Amino acid sequence: MPFGFVGACFRISAAAHIASTGSGGFRSGFAHPLTGPDHFLAMFAVGLWGAQMGGRPVWTLPVTFPLIMVAGGAAGMFGLPLPGVEIGIALSILALGSAITFAWHPAEWTALCLIAAFAICHGYAHGAELPFAADPADYIIGFVLATGLIHVFGIGVGLALNKPLGGRLARGLGVLIGLGGVYFLVTALSAA
C-alpha cells in the first residue's frame with residue numbers, strides 16, 4: 001500500500017485525545033477506541049504481537065495493557081503532569097509495528113515493561129478526558145470493553161497469519177502499523 005493511503009487513513013491527529021467538551025457515557029467510551037485510529041492501531045498491535053510471540057504473551061500482553069492503562073488514566077484524571085504523552089502514543093504504535101515487523105521475541109518481562117510504558121501514555125490521554133465525560137464510570141467500562149475486543153481481534157488475526165507464508169503476512173501488517181506510527185509521530189512532533 002502506498003504511504004499516501006496510510007496517511008489518508010490516519011488524518012485524525014493523536015492530539016485529538018484531550019477532550020474540551022462533554023462526551024457521553026458507555027457508548028462514547030466504547031466508540032473511542034474503535035474510531036480513534038491511534039488507539040485502534042496500538043490495541044490491535046498488542047494482540048498481534050502477543051500472538052506472534054506465542055506462549056504466555058498471547059494473554060499477558062493484552063491483559064497487562066488495560067490494567068496499567070488504568071494507572072495512567074488515574075494520573076490523567078488527577079491532572080498529574082506527564083509531558084510528551086502524544087509522542088509516547090505515537091512511539092507506541094511505531095515500536096509495536098516494528099516489533100511485529102521484525103518478529104522480535106524478547107523476554108516476556110521486557111515485552112511487559114514496554115507494554116506498561118505505552119499503556120501509561122494511552123491511559124493518561126484518556127484519563128484526562130474523563131472529567132469531561134457525562135458519566136465517567138460508564139465511559140471507562142465502554143472504553144475498557146472495546147479495548148479488550150480490539151486486543152482479541154489482534155490475537156485472532158495474529159494467530160491466523162503467523163503460519164501462512166512463514167509469518168510474512170503478520171510482519172506485513174507490522175510494517176503498516178509502523179507507518180501509522182511514523183505518521184502520528186510526525187503529527188505529534190509538529191504540534192509540539
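Which residues of the largest nonpolar core touch the most other members? In the predicted model examined here, this core comprises 31 residues, and those with the most contacts to other members are Leu48, Trp49, Leu61, Phe65, Leu96, Ile115 and Ile177. At least two residues of the core come from each of H3, helix H4 (57-77), H5, helix H6 (108-127), helix H7 (136-161) and helix H8 (168-191), and H3 makes the greatest contribution, with nine residues. For Trp49, when residues up to four places away in sequence are not counted, the residues touched are Leu61, Leu96, Ala99, Ile100, Trp104, Pro106, Ala111, Leu114 and Ile115.

Aromatic side chains were examined next. The structure holds six aromatic pairs, one of which is formed by Phe40 and Phe44, whose ring centres lie 6.1 Å apart and whose planes meet at 5 degrees, so that the pair counts as stacked. Both residues belong to helix H3 (residues 37-53), where they are separated by four residues, or about one turn of the helix. An aromatic pair with edge-to-face geometry is formed by Tyr183 and Phe184, with 5.5 Å from centre to centre and 70 degrees between the planes. Tyr183 is buried at a relative accessible area of 17%, a class assigned because its value is under 20%, and Phe184 is likewise buried, with a relative accessible area of 0%. Together with Phe153, the residues Phe40 and Phe44 form one aromatic cluster.

The mean pLDDT of the chain is 86, and 86% of its residues reach 70 or more. Among the elements of the chain, helix H5 (residues 85-101) has the highest mean pLDDT, at 97, while helix H1 (residues 3-9) has the lowest, at 34. Over residues 1-22 the pLDDT is below 50, although this stretch has 40 contacts in the model beyond near neighbours in sequence.

Notes:
Residues numbered from 1 in each chain as written. Predicted model: local features only at pLDDT ≥ 70, side-chain atom pairs only at ≥ 80, totals over all residues. Heavy atoms only, no water. pLDDT = per-residue confidence, 0-100. Contact = heavy atoms within 4.5 Å. Phe/Tyr/Trp six-rings, centres within 6.5 Å; stacked < 30°, edge-to-face > 60°. Buried < 20%, exposed > 50% of the residue type's maximum accessible area, 1.4 Å probe, protein only. Core = buried A, V, L, I, M, F, W, Y, C linked by side-chain atoms within 4.5 Å.
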